[in-house]
Amino acid sequence: QVQLVESGGGLVQDGDSLRLSCTASGRTFSRVAMGWFRQAQGKEREFVAAIRWSAGSTYYADSVKGRFTISRDNAKNTVYLQMNSLKPEDTAVYYCAASSIYSGQGYRYMSISDYNYWGQGTQVTVSS
């Protein structure tokens with residue numbers, strides 16, 4: 001069993017920053033990519049950012065490009081999401097995901113179906 005545990009969510013004000021962390025534990029698996037998704041109340045889950053574990057290539061949704069940064073620490077089995085200049089529309093439950101599915105060199109891992117392991121989510125609320 002693979003567990004992904006997110007932390008770092010909270011209540012912040014418009015313009016503030018937060019850093020989310022996600023640590024993988026449990027059964028060893030071949031980690032091809034990790035990503036962050038979010039789901040606002042009443043809306044579908046959407047892609048935020050992804051990182052290919054080996055190459056370190058990163059991909060972002062247009063809505064967060066330039067404000068959010070995804071990174072990883074191989075030794076700690078942890079992926080981070082640094083979120084700057086937060087806006088009220090960033091309010092959502094943020095989910096960490098991991099993929100052991102190799103889909104080819106350069107594949108961006110931007111879809112929910114690309115991932116086979118998910119965390120429980122952490123709430124991020126940005127007040128105006």
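Student: Why does Cys-22 count as buried?

Tutor: Cys-22 has 0% relative accessibility, and buried means under 20% relative accessible area, exposed over 50% and partly exposed in between, with a 1.4 Å probe and protein chains only; therefore Cys-22 is buried. Cys-96, at 0% relative accessibility, also counts as buried. The model is predicted: local features need pLDDT of at least 70, side-chain atom pairs count only at pLDDT 80 or more, and totals for chains, interfaces and linings use all residues. Residues are numbered from 1 along each chain as its sequence is written, and side-chain values use heavy atoms, with hydrogens and water left out.

Student: What makes Cys-22 and Cys-96 a disulfide?

Tutor: Their sulfur atoms are 2.0 Å apart, and a disulfide is a pair of cysteine sulfur atoms within 2.5 Å. Cys-22 belongs to strand β3 (residues 18-26) and Cys-96 to strand β9 (residues 92-99), so the pair ties together parts 74 residues apart in sequence. Strands here are DSSP runs (E, at least two residues), numbered from the N terminus.

Student: Why is the pair of Tyr-115 and Trp-118 called edge-to-face?

Tutor: Rings of Phe, Tyr and Trp (its six-membered ring) pair if their centres lie within 6.5 Å; planes under 30 degrees apart count as stacked, over 60 as edge-to-face and the rest as tilted. For Tyr-115 and Trp-118 the centres are 6.1 Å apart and the planes at 65°, so the pair is edge-to-face.

Student: Is Trp-118 buried or partly exposed?

Tutor: Trp-118 is partly exposed, at a relative accessible area of 25%, whereas Tyr-115, at 5%, is buried.

How values were computed
Helices (H or I, at least four residues) and strands (E, at least two) are DSSP runs, numbered from the N terminus.
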